[in-house]
Amino acid sequence: MLGGYYCEGLYGFPVNQSKGVELFQRASELGSADAHYNLADSYFFGKGIEVDKKKAIHHYQMAAMMGDNDARYMLACVEFNDGNIERAIKHCIISAKCGHDESLTRVKKGFIAGDVTKEDFEIALRCHKASLDETKSKQRDRAKAALQGDVTKEDFEKALRCHKAFVDETKSKQRDRAKAALRSQGSRCLKSL
């Protein structure tokens, strides 16, 4: 998080992308999926560091293996751009099963183009829906109402605490689903990367 504050100049931190990248590097060494993702973006887009696609892909892979669906989607985009449609679709199916909307859209486009089987599309669609259903909760509804100004400050703070706890729990569940999806898809896809 601190690396992002430096990169974006948030919360009074001076804009210092190289400091942000350094902090992402340290956090990634400690096993942070978010840091791997942010470091990958830095390498991929040349934010605060020289563009290095190989390092970017490595950090996207690390984040994806830790359950980061945005990282898996970026891997899919790289594969699409490199012409590896089958591998790209595998990445999209895995992340769509974990509730990633853009990945589901790509899977749908792949189905329409004939690159995804009807069975794979239906499975991805069902799993995506189940993942979204899991994120529905009273706490989330309260937090949404609070953001719209329909509750007191006290209720807002309570909803925010509940929402944070729920998000933390959901991330853990998504990570578990991503691992399960990897096992069901076979690890050969990642090993070949």
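I'll start with S28, which counts as buried because its relative accessibility is 6%. Keep in mind that this is a predicted model. S28 sits in helix α2, the stretch covering residues 17–29. Leaving out residues up to four places away in sequence, S28 touches A35, H36, L39 and H59.

One of those, L39, takes us to the packing. The largest nonpolar core has 16 residues, and L39 is among those with the most contacts inside it, along with Y37, F44, A56, Y60, A71 and M74. Four helices, α2, α3 (33–45), α4 (53–65) and α5 (69–81), each give two or more residues to this core. The largest share, five residues, comes from α3.

Take A56 as an example. Apart from its neighbours within four places in sequence, A56 is in contact with A40, Y43 and F44.

Now the cysteines. How many disulfides are there? The count is zero. For C98, the nearest cysteine sulfur belongs to C127 and is 8.4 Å away. The cut-off for a disulfide is 2.5 Å between the sulfur atoms, so C98 is in no disulfide. Seen from C127, the nearest cysteine sulfur is that of C98, again at 8.4 Å, and C127 is in no disulfide either.

Are these two cysteines buried or exposed? C98 is buried, with a relative accessible area of 1%. C127 is partly exposed, with a relative accessible area of 30%.

Note on methods: Residues numbered from 1 in each chain as written. Predicted model: local features only at pLDDT ≥ 70, side-chain atom pairs only at ≥ 80, totals over all residues. Heavy atoms only, no water. Buried < 20%, exposed > 50% of the residue type's maximum accessible area, 1.4 Å probe, protein only. Contact = heavy atoms within 4.5 Å. Core = buried A, V, L, I, M, F, W, Y, C linked by side-chain atoms within 4.5 Å.
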